[in-house]
Number of protein chains: 4
Amino acid sequence: MTLDHDLDAVLEEVAEIARPVAAEGQIADYIPSLAEADADKFGLALVEMDGTEHATGDADEPFAIQSISKVFSLVLAMQKAEAGRGIGEELWQRVGVEPSGDPFNSLVQLEHEEGKPRNPMINAGALVIDDVLVEHCDDPAAELKALLTELAREEIGVDEQVAKQEEDTGHRNRAMAHLIRSFGNLNNRVQPVLDAYVNQCAMAMTARQLARAIRFLANDGVEPDSGKRILSDGAAQRVAAIMFTCGTYDSAGQFAFDVGIPCKSGVAGGIVGAIDGEGGVCVWSPPLEQSGNSIAGHRALMELSERLDLSRV
Amino acid sequence: MTLDHDLDAVLEEVAEIARPVAAEGQIADYIPSLAEADADKFGLALVEMDGTEHATGDADEPFAIQSISKVFSLVLAMQKAEAGRGIGEELWQRVGVEPSGDPFNSLVQLEHEEGKPRNPMINAGALVIDDVLVEHCDDPAAELKALLTELAREEIGVDEQVAKQEEDTGHRNRAMAHLIRSFGNLNNRVQPVLDAYVNQCAMAMTARQLARAIRFLANDGVEPDSGKRILSDGAAQRVAAIMFTCGTYDSAGQFAFDVGIPCKSGVAGGIVGAIDGEGGVCVWSPPLEQSGNSIAGHRALMELSERLDLSRV
Amino acid sequence: MTLDHDLDAVLEEVAEIARPVAAEGQIADYIPSLAEADADKFGLALVEMDGTEHATGDADEPFAIQSISKVFSLVLAMQKAEAGRGIGEELWQRVGVEPSGDPFNSLVQLEHEEGKPRNPMINAGALVIDDVLVEHCDDPAAELKALLTELAREEIGVDEQVAKQEEDTGHRNRAMAHLIRSFGNLNNRVQPVLDAYVNQCAMAMTARQLARAIRFLANDGVEPDSGKRILSDGAAQRVAAIMFTCGTYDSAGQFAFDVGIPCKSGVAGGIVGAIDGEGGVCVWSPPLEQSGNSIAGHRALMELSERLDLSRV
Amino acid sequence: MTLDHDLDAVLEEVAEIARPVAAEGQIADYIPSLAEADADKFGLALVEMDGTEHATGDADEPFAIQSISKVFSLVLAMQKAEAGRGIGEELWQRVGVEPSGDPFNSLVQLEHEEGKPRNPMINAGALVIDDVLVEHCDDPAAELKALLTELAREEIGVDEQVAKQEEDTGHRNRAMAHLIRSFGNLNNRVQPVLDAYVNQCAMAMTARQLARAIRFLANDGVEPDSGKRILSDGAAQRVAAIMFTCGTYDSAGQFAFDVGIPCKSGVAGGIVGAIDGEGGVCVWSPPLEQSGNSIAGHRALMELSERLDLSRV
């Protein structure tokens, strides 16, 4: 086993180094509930494949998972695909798997490439995935919450304030959805797709829960506690590969070097990572670097990767 | 007087040359009522400042004015501005006066320049103008129709089929409106703004009516029959200047050379032009050239300009 | 006659208003000889078609004409075309006539549109024109100087310092030339084309000379003093139309409104304008506005246009 | 040990599946020597860390390594950096580590981001690396050849025909170099930088040699046969990370999923990959897929990855 260290000590050490870095970041201010976030919060959790948990700081305080949800909505869409409900290869006709080179909420690429988003980790791609969910789920929000609860091994919550505010302010996402629909790459009306999107962003989880929940991706698609298969091995690998090259906005290359494992970040300051064969990790600290990832979170994962030799590239 | 020719004969001659060119164009097909247009229709009208009218072909058949309406909605917004209702210079903070270099429905420039459209003759700019109208008119559609009726010297109609279909299919415009709103450059909700936009595009006028209606721009802002001032001299000149550099999509430079007067085209095949000090002209023929202007209309105006020495540059 | 004013008094009045505006501008600093320009210089000249001259300030001090030369190199290329040497319509296959919507030295449009510059008033387009000159002139620099001398009615000079420095620092133009050549739209080697370009930019003329030299464009292509035809009427009109829509960088729309006549500006602070049927005008003041036109020059032409009712749109 | 299979049998099986896929690709035709390549060539080699070699097909026929050289020129630049000659962190100020989202030879990003290439695996980035080499090497071509020879464990050659032709036709790269220089991100004259670039692209190696040569990146920076340290562990990991996210043009995401190891491709049809802790692999087949990678090579690596469970994400 690789994680052959005094993990609790390593986490403390990493937290001590990373926490002060938060002072150099900026809290996202485009929705009020984010703007009011406490910049001093810092949580770090690592959950091993056998269920052993390590955590420090505010690892048990829930936060809005925001874009981290894109991993799980993709998983849900792929589950539907694997269940043979006709959204298999067709899914990859509608959304690509390449890094975008543009900001996460850009419409430029979408216009140039006629409504096909570059990947499912940017907003445009997540909207197409939600369109799939709207088509194949009776209640996408409920099904996603159920999946997250199953993977987190306990009931998860919703940040109602985030849900409400995103709905009020999400003109950019609405623009994106209409643009995609104008190119014929959205099968449902825009409203239910946006509802699904807003809902998934508002799911509230703790760093510990997310570290638990991501483990199946590092376990060939099988939830390690229950032994239940969530995705086929191949599908799990695809999700991990997409996280690796597209999961941290315009810093995917930097993360590949600094951390070297598949990661996905959210604008509320969470970053989750899957450690192949070993377990899951999640860090939370609200202030962000320029490209939209938690600045202290990035540093924490870098320090952790170095100490535990996590990088696989 | 410059228009010192046998104008009826000139119009016939021009029509004979231009009409066959329609065969090289394409009818816009993005909404069904346009797709069903009769490619053989061709109307040409020239109305002198003193009210003398010359017309040939289908000059008395109404068609949807589409983007030609952008001239008149801008005029209405500037009327409100001149009436001291606080939308004067502020208007030019919200929309530019420069050619865009991009297609008429592009969102790229809008994203790069943070929601400020390049000019009021492209869709994005027209939406901002409509936002002004929604704010300052009790019923923008009714006021615009009243203005057009006043300028056309007779009641004008509405193509209800166009209005209905635009509403169903206008995801691109809706995307644009939400994108503009996301940058804070739309003060009203998107729906009434889009309603105003769809309505103005569906106004139905004949070539003769449009040739009459545009004359005030060539008459220092004064409607020549009634002597009523529509705009100040300066405001009229600004509208004409914007038409000149931005009125014919990506062919403004070509029109400056070929025609040399301020023109505005619409996707249903109409093109209207203001002849400084002389009168108004309008041509209608549905098939379009690549950049979205009537192909036979472009040719007709070019032949007319050559014969009547219209160019002022 | 329109210019029916006490023109000397008008020029003084305009100069008094415009001169102080220079303080709000910035002098171009990318080549040293420009950076060292005297920000207080201000010259204004208007030459009537009958040869009557009006001037104020530093109207007899030579400056590098820079991009104003693009008008005259285009004229020379069209002369060659009209002489039936096989560069007629083919020229407009190689360079467009539309405003670019991008900065004057951008390579973006060039890459997207496969090496065909949008118009001959931006650097890329001027390079293609120079490629034509290299092909059809024994000595492009000498022929252009001869043309300018003929039009200016006296020998003109060359700013050797500018010529030398442009050559040293022109990596952006060299990049552009190689990019154009990579798309097959440059027939000659890059070096002689760049030599021709650098040479034309370094031609040194006074405001009075430029005001004289531009008159033929406002006189249907005929040099008014000698009565010699420089271009056909149609070709002269095309050049004027291109100046109108593309001659002042990203402010062509603003100039259309503010000034309303075909203008061309240069980075050393000169702006020349052709007044249809009346004469030529030129203003010089080094500090520039954001889009690269002389800020006091822009203001001077605006005030002049208002006083003399120059606008034709 | 992971590579615990009958590797010779696996290679044969993979070759049999991948070879016919070449028929769906296109040979690069922008330089004649590439256009004349034999589309039926197919070589595959895998070299274990202990030196055991497995190969099939044309694995001993040399081909121009083209863009694969970008990995090794980067290694040479980092060696110089590690030797404390002052090009350490400064290097990453001059070139990024993020996927570009644009084609490999695009100038658009370069203009928008003021001359800083997105990564060293695209042409623009490689030119900046060559600028470093020109500054720090007496003879960049000779030093690179020496490095490749050291890593390949035998003398390697140069395809003189490729070298000659690239020089004649490389206007796009020359444009790029001048554009970078115009932004001040090239310290040397353009010619020696381009010479270095052309030279590195023309290095000729066999699939077997490349499979050997890449092993040090999978061995923490140490050449496994000689035990000689080529790069520090951290530097080797950075190179591998950049290959992973940027090494296969616009298909990096697809490769992350299909293959899951750091790869770098070249336009002559070679693709090299580093298998962490295990060895190196190289495949060669000239016909390319749309994004510029060998189509049969891509397939071969995908099949190999599946059979040997190579993916680490």
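Good morning. In chain A, 35 residues of domain 1 are in contact with 31 residues of domain 2, where contact means that the C-beta atoms of two residues, placed from the backbone, lie within 7 Å. This is a predicted model, in which local features need pLDDT of at least 70 and side-chain atom pairs count only at pLDDT 80 or more, while totals for chains, interfaces and linings use all residues. Residues are numbered from 1 along each chain as its sequence is written, and chains are lettered from A in the order in which they are written.

Domain 1 of chain A covers 7–65 + 205–308, and domain 2 covers 67–201; these bounds come from an automatic or database domain assignment. Taken over C-alpha atoms, the centres of the two domains are 21 Å apart.

Which elements supply at least two residues each to the side of domain 1 of chain A that touches domain 2? They are helices H2 (32–35), H11 (207–213) and H12 (233–246), with strands S6 (263–265) and S7 (270–275). Helices (H or I, at least four residues) and strands (E, at least two) are DSSP runs, numbered from the N terminus. H12 of chain A gives the most to this side, 6 residues.

I turn now to the two chains.
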